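Look at the model below. Then read how its parts pack together.

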Amino acid sequence: MPSPISVFLLIVRLFKTKTLIYAILSSMRRLVIGYLISIVIGFFVGFLMIHFKYIEENFGSLILGLQTLPNLAWIPFAILWFGYSESSIIFVIAIGSIFSISLAVDSGIKNINPIYLKAAKTMGAKGYKLYSNVIIPAALPSIVSGLKEGWAFAWRGLISGEMLVSATGLGQILSKGKDASNISQVVAVMLIILSLGLIIDKFVFGRIERSIRCRWGLM
Amino acid sequence: MSLIVENISKSFGFNSKANLVLDNVNLLINKGEFVCLVGPSGCGKSTLLNIIAGLESASCGRIILNGSVVKDAGIDRAVVFQESALFPWLTVMDNVEFGMKMAGIEKEERKRKAMKYLKMVHLAKFRDSYIHQLSGGMRQRVALARALAIDSQVLLMDEPFSALDSQTRDILQMELQRIWMDTKRTIVFVTHNIEEAVVLADRVIVMSANPGKIKKEFKIELSRPRRPESPDVIYYVRKITDELKEEVEKVAKAEYDSDWSIEKDLFLSNADSDMGIGL
């Protein structure tokens, strides 16, 4: 095990040489792009599942299976399709979180208390207005937990993608640390990943969840 | 301008005879009338209300409102549900505005009208609260304001006060009478509480169970506002209770063991068989 002091010094040095800053920025860029793509496709697939019953009946268990498939397993597939490029990493990020988002959208909408839909109908809500004013807000608590889960999967996809494709980023520094048998560097990057994850969870998802729970009176 | 329930029957399941909930119900409700449906549990009174609201479809028959047949739920019939059915993600004000927002009414007008109805139910100062911050009685007041705010002539109420404690219920009954007199809406009110029905209604419709049918109608010709403790109300309650007794027994018999009987267990005794107890 490396000593905490050497890990700390290494983090400081990596920051000073700006290696870490560039790595974090390019990793975050990929992560955000991949995650946004997965939100769009995830919602779309979720709505398809709700709207067309046969999609859910025939592909529901396939989607559940795809969700349990680790991101890592998609990497060979992505490399064959996109080569050793940015696109493969983004593909791996997106594919990891799409299915947990669509399953959350699907189950969130299905578990809406039917009384809300009845009430909305008697007040003339239908079509697009029903979706935006009742269905989405009513399903939001479970959609947000799906988004959070998707975010965790996206992180895993990012790091494994970068390690294997070897593009500038946190995964690459991690992988180089391994090649150079530099355990301090490995632990340093692990700590950085951990703290970035915690910060985003606390300030983004934590806030959203807290405000929802507060409105619904769940705390 | 009236609400007509024409030959409504409703059965659940495939075999129509097995589960007939409503059997050929006919009813004419005039504009501005306050009608209460009472009956034992399982008599289909809530089902009938849902059919009028367009939330359930009848197996046969039709509902005619102001000369046109009702097909689906719509803003010409507002509904107040037993559980308030308010949206927890919206504030009190936004909940009351909801129907108007769906109708595309502009913001200023919406705010003005929502305030008017919130004042009517005495909850103006809670306009920015969320639903979970309100008590059960307050929630039903908001639900009432929300239903009034869509400006439908017909207001359908499905046991709205049954989950409240009796003091709150008394207050809300008084206020509903006042609001009804002020707004002149047509109200169809479902309840299992006979006293509540007598206090509120112009006409009490007694339904019988298995299958659900209209058994008898009582016109309540008493001055308003009525109070539950007034002797006239108690007189009507007695009359309707006697009418319902047989129905309650029928439903209870189907649910309890065969050795239970209404006479033996003195569930609803006749006044003349207790030899003056309680005098």
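In α7(A), the residues L140(A), P141(A), V144(A), K148(A), W151(A), W155(A) and I159(A) meet I193(A), G197(A), F205(A), I208(A), E209(A), I212(A) and W216(A) in α9(A). Here, contact means that C-beta atoms, placed from the backbone, lie within 7 Å. Helices (H or I, at least four residues) are DSSP runs, numbered from the N terminus.

This is a predicted model: local features need pLDDT of at least 70, side-chain atom pairs count only at pLDDT 80 or more, and totals for chains, interfaces and linings use all residues. Residues are numbered from 1 along each chain as its sequence is written, while chains are lettered from A and ligands numbered from 1 in the order in which they are written.

How do the helices sit? Axes are lines fitted to C-alpha atoms, for helices over the stretch in contact, and angles run from 0 to 180 degrees between N-to-C directions.

| Helix pair | Angle | Axes |
|---|---|---|
| α7(A) and α9(A) | about 175° | 10 Å apart |
| α1(A) and α9(A) | roughly 70° | within 9 Å |

The angle makes α1(A) roughly perpendicular (65 to 115 degrees) to α9(A). In α1(A), S6(A), V7(A), L10(A), I11(A) and L14(A) meet S184(A), Q185(A), V187(A), A188(A) and L191(A) in α9(A).

Now the partner chain. 15 residues of chain A are in contact with 22 residues of chain B. On the side of chain A that touches chain B, α6 (114-122), α7 (127-165) and α9 (183-216) each supply at least two residues. α6(A) gives the most, with six residues.

Conventions: Contact = placed C-beta atoms within 7 Å. Parallel < 35°, antiparallel > 145°, perpendicular 65-115°, else oblique.
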